[in-house]
Amino acid sequence: MMPAPTSDAFLSAIRDCYTSGLNALFAASPTRASDFSFDVAGLYFDFSKLHISEESMAAGAAFAETMDFAAWREQLLSGGIVNQTENRPAIHSAMRAAHPTLADRALTNEILAARTALDGFAQQFETGEFTSSNGAPYTHILHLGIGGSALGPDMLLKAAAGMGLKPMLEAHVVANIDAAALLPALDACVPETTLVVLASKSFTTVETMTNAKTVQAWMQQAGIANPRAQMIAVTAAPDKALAYGIPEAQILAFPESVGGRYSIWSAVSLPFVLAFGLAAFHALLAGAAAMDTHFAESRVDGNVCAIAALMDYAYANALGADSRATFAYDDRLGLLPSYLQQLETESNGKHVSREGEPLDVVSSPAVWGGVGTDAQHAVFQLLHQGRVLVPTEFIAAAQPAHPHHDHHALLLSNCLAQSAALMAGRTPQEAAKKLGCAPDDPLAVAKSFPGNRPSTTILLPELTPFTLGALLAFYEHRVFALSVLLGINPFDQMGVELGKEMAKQLEGYLGPDAVAPDAGLDASTRALLRFIQP
Ligand code: F6P
């Protein structure tokens with residue numbers, strides 16, 4: 001696989017850093033830690049344990065320039081077309097701007113209307129004007145949505161619950177079409193006082209619509225004559241929600257140009273807004289807007305989003321690292337890795353360029369991760385001694401929101417130790433010295449660590465809606481910056497379609513009225529169906 005020639009100097013500078021090794025790079029420069037660390041929107045980004053140097057940054061900036069980074073950034077932020085296959089802008093940044101001004105005035109008005117509708121509904125809800133069908137205040141929210149219509153609110157609810165904010169009602173998010181996901185949520189909710197949110201940008205997604213049907217039946221069984229009066233639709237297809245029977249005043253529309261995985265800044269976050277209040281949501285937006293300003297105004301070599309994207313590009317295309325792992329040393333961010341997985345892989349997991357040419361570079365790394373310290377006792381063996389190179393990211397809050405500072409000190413000591421250990425490694429000689437054996441003793445060899453393994457650490461002063469907003473916007477812009485380096489469209493997701501079409505074709509072979517598998521199916525699928533069918 002041959003990366004674009006314009007990236008040659010950059011990739012070669014990265015390879016040089018790798019050959020030198022991180023320990024040597026630190027030894028050579030007493031200012032390395034500060035040279036490659038940045039304070040942005042109150043967050044601290046430490047890139048110094050990546051294979052980065054002044055030379056690689058200069059070459060990376062030149063590479064970004066040849067890929068028209070500044071022009072594409074301007075195109076994104078001004079609302080120009082950046083989603084070529086769907087002929088749309090991508091306006092998630094404008095959704096959180098205090099005063100959105102896109103080149104297209106109608107689009108700006110659409111954003112303002114969406115914001116006014118969400119704020120208005122939240123205020124009505126907070127003041128008790130919007131009550132359940134029996135007139136009682138709502139006690140529960142059941143949010144139905146999948147992918148970008150669920151991962152964001154689910155992550156926010158879990159994060160906020162540990163920020164010291166008191167939830168005003170109990171919220172549940174159900175995504176999977178597997179009824180095993182829905183039934184426990186129904187058991188936890190009270191039909192008469194549950195507000196049901198149907199979040200679907202398209203308002204056609206089979207998982208969400210199937211769950212909505214079952215929830216409606218559950219409400220009817222409880223004697224609720226008109227379940228749709230207790231339902232809110234959050235969608236970019238308000239006509240479909242209206243046709244479905246949701247009252248117009250209960251439809252919170254958002255613009256079509258807000259991608260599903262970028263929709264956390266819209267009414268898709270309704271359960272978070274209703275459970276934790278509008279002020280918390282506005283703080284989330286403000287944090288993201290602060291990162292937007294940094295992304296918009298900083299040169300590539302001081303722009304944390306662009307630097308992270310350059311390093312993603314380099315690790316995949318110079319050093320063969322085709323996955324990246326993120327570990328939140330913060331239990332409240334337990335759902336962040338799944339959120340980032342969709343954001344990054346659905347955006348940049350592409351095989352053709354904007355012009356439809358096959359890519360000759362690796363696009364998105366496979367993004368995975370978990371929470372620390374749990375993951376240390378499960379997958380860190382691979383990170384330290386496995387034969388694959390996995391750039392690793394550590395995220396932590398300097399201060400906890402609880403009084404157990406002893407726990408927090410241990411949490412952070414582990415977080416810092418892991419990145420230091422990945423970098424430092426341990427030679428067989430060092431291991432042997434500790435063990436009192438020869439360096440070629442199999443035990444000494446087994447207890448040695450190659451080191452030179454790259455990591456980024458992102459520290460938040462504390463986890464708040466503001467800092468979380470800034471963190472999420474960092475990842476969004478990093479994804480966009482990587483797409484520019486790759487020359488691809490990050491805003492469509494054609495790769496999810498084929499499987500959906502085939503699932504539709506297979507429906508007739510399953511369930512109570514299933515027909516026998518026919519010769520049109522591949523042999524493996526036929527055999528699997530024969531096993532499933534009664
Ligand atoms: O199938 C992929 C996808 O379209 C995602 O991009 C999206 O976030 C998810 O499905 C849900 O789609 P919708 O919000 O239209 O229900």
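The model is predicted, so local features need pLDDT of at least 70 and side-chain atom pairs count only at pLDDT 80 or more, while totals for chains, interfaces and linings use all residues. Residues are numbered from 1 along each chain as its sequence is written, and side-chain values use heavy atoms, with hydrogens and water left out.

**Ligand site**
- The ligand is surrounded by 13 residues, and the closest are Ser149, Ser200, Lys201, Ser202 and Thr205; a residue is near a molecule if one of its heavy atoms lies within 4 Å of it.
- Sorted by type, this shell holds two nonpolar, eight polar and three charged residues, where Asp, Glu, Lys and Arg count as charged, Ala, Val, Leu, Ile, Met, Phe, Trp, Tyr, Cys and Pro as nonpolar, and the others, Gly among them, as polar.
- An oxygen atom of the ligand is 2.6 Å from an N or O atom in the side chain of Ser202, and for the side chain of Glu346 the distance from a ligand oxygen to an N or O atom is 2.8 Å.
- A polar contact is a pair of N or O atoms within 3.5 Å.
- On its own the ligand has 390 Å² of accessible area, of which the protein covers 86%, as computed by the Shrake-Rupley method with a 1.4 Å probe.

**Aromatic rings**
- There are 19 aromatic pairs, counted for rings of Phe, Tyr and Trp (its six-membered ring) whose centres lie within 6.5 Å, with planes under 30 degrees apart counting as stacked, over 60 as edge-to-face and the rest as tilted.
- The rings of Phe10 and Phe63 are stacked, because their centres are 6.0 Å apart and their planes are at 20°.
- This pair links distant parts of the chain, 53 residues apart, with Phe10 in helix H1 and Phe63 in helix H4.

**Backbone**
- Most residues other than glycine have a negative phi, and most peptide bonds are trans.
- Gly372 and Thr373 are joined by a cis peptide bond, with omega about 10°.
- Ala41 has a positive phi, near 55°.

Notes
A polar contact is a pair of N or O atoms within 3.5 Å; within protein, one must be able to donate a hydrogen and the other to accept it, and residues adjacent in sequence count only if both atoms are side-chain atoms. Helices (H or I, at least four residues) and strands (E, at least two) are DSSP runs, numbered from the N terminus.
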